[in-house]
Amino acid sequence: MKHVLVVLIALVLCAPAVIPATADDPATPDDPATPDDPATPVRQFIDGFNTGNLQSAFAAYASGPITIVDEFAPHLWTGPNAAHDWADAYDKHAQVTGVTDGKVTYGKPTRVEQVADAAYVVIPTVYLYKEHGKPIKEEGQMTAVLNRESGAWKIRGWTWTGVKPHAAQ
């Protein structure tokens, strides 16, 4: 029993910091994001996507190989060109499926874990778009893995997880 207690105490003392938030607490431009906030490049990527500012979106990524997992085929992009390959595949998918006006809204992170120069961030999201002119909504979340490069957090990989898209109310 003493060994179990020692292990439990060690786990508590060694656990990474977790910063709670709620999905009901939406992020706004007034949020005090700092360069040391691992969620900052995730928001930068989403904001760049929303505004069509690909330069800003791509600047959120780490150098070298990255990994992206998303709901449309081929579902997995890896390597140093993964972000560009994903953007190209998104555009092709949108053209084939009649998707226009894509925008992702997001809330405050529901989970942030950071150990040294590595971080894990989960952000609640809603993907709004039109499919053949009909408004569609998909609630989900982005989960990102980040590394600190030259003093700034950068996305090493992310995944999108969402419910089945449905008509927006």
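The model is predicted; local features need pLDDT of at least 70 and side-chain atom pairs count only at pLDDT 80 or more, whereas totals for chains, interfaces and linings use all residues. Residues are numbered from 1 along each chain as its sequence is written, and side-chain values use heavy atoms, with hydrogens and water left out.

Most residues other than glycine have a negative phi, and most peptide bonds are trans. Against this background, the peptide bond from Ala73 to Pro74 is cis, with omega near 10 degrees. Pro74 is located in the loop that runs between strand E2 (66-69) and strand E3 (76-79). Helices (H or I, at least four residues) and strands (E, at least two) are DSSP runs, numbered from the N terminus.

A positive phi occurs at Ala116, a residue other than glycine, with a value near 55 degrees. Ala116 is part of the loop between strand E5 (111-115) and strand E6 (118-131). With 61% relative accessibility, Ala116 is classed as exposed; exposed denotes over 50% relative accessible area, buried under 20%, and partly exposed in between (1.4 Å probe, protein chains only). Ser150, likewise a residue other than glycine, has a positive phi near 50 degrees. Ser150 belongs to the loop between strand E7 (134-149) and strand E8 (152-162), and its relative accessibility of 84% places it in the exposed class.

Aromatic pairs number 12 in the structure. Rings of Phe, Tyr and Trp (its six-membered ring) are paired if their centres lie within 6.5 Å; planes under 30 degrees apart count as stacked, over 60 as edge-to-face and the rest as tilted. One of the pairs joins Phe72 and Trp86 in a tilted arrangement, at 6.2 Å centre to centre with 40 degrees between the planes. Because Phe72 is in the loop between E2 and E3 and Trp86 is in helix H4 (residues 82-97), this pair ties together parts that are 14 residues apart in sequence. Both Phe72 and Trp86 are buried.

Trp86 also pairs with Trp158: the ring centres are 5.4 Å apart and the planes lie at 80 degrees, so this pair is edge-to-face. Since Trp86 lies in helix H4 and Trp158 in strand E8, the contact ties together parts 72 residues apart in sequence. The relative accessible area of Trp86 is 6%, and Trp158, at 5% relative accessibility, is buried. Phe72, Trp86 and Trp158 are among the members of one aromatic cluster, which also includes Phe45, Phe49, Tyr61, Trp77 and Tyr90.
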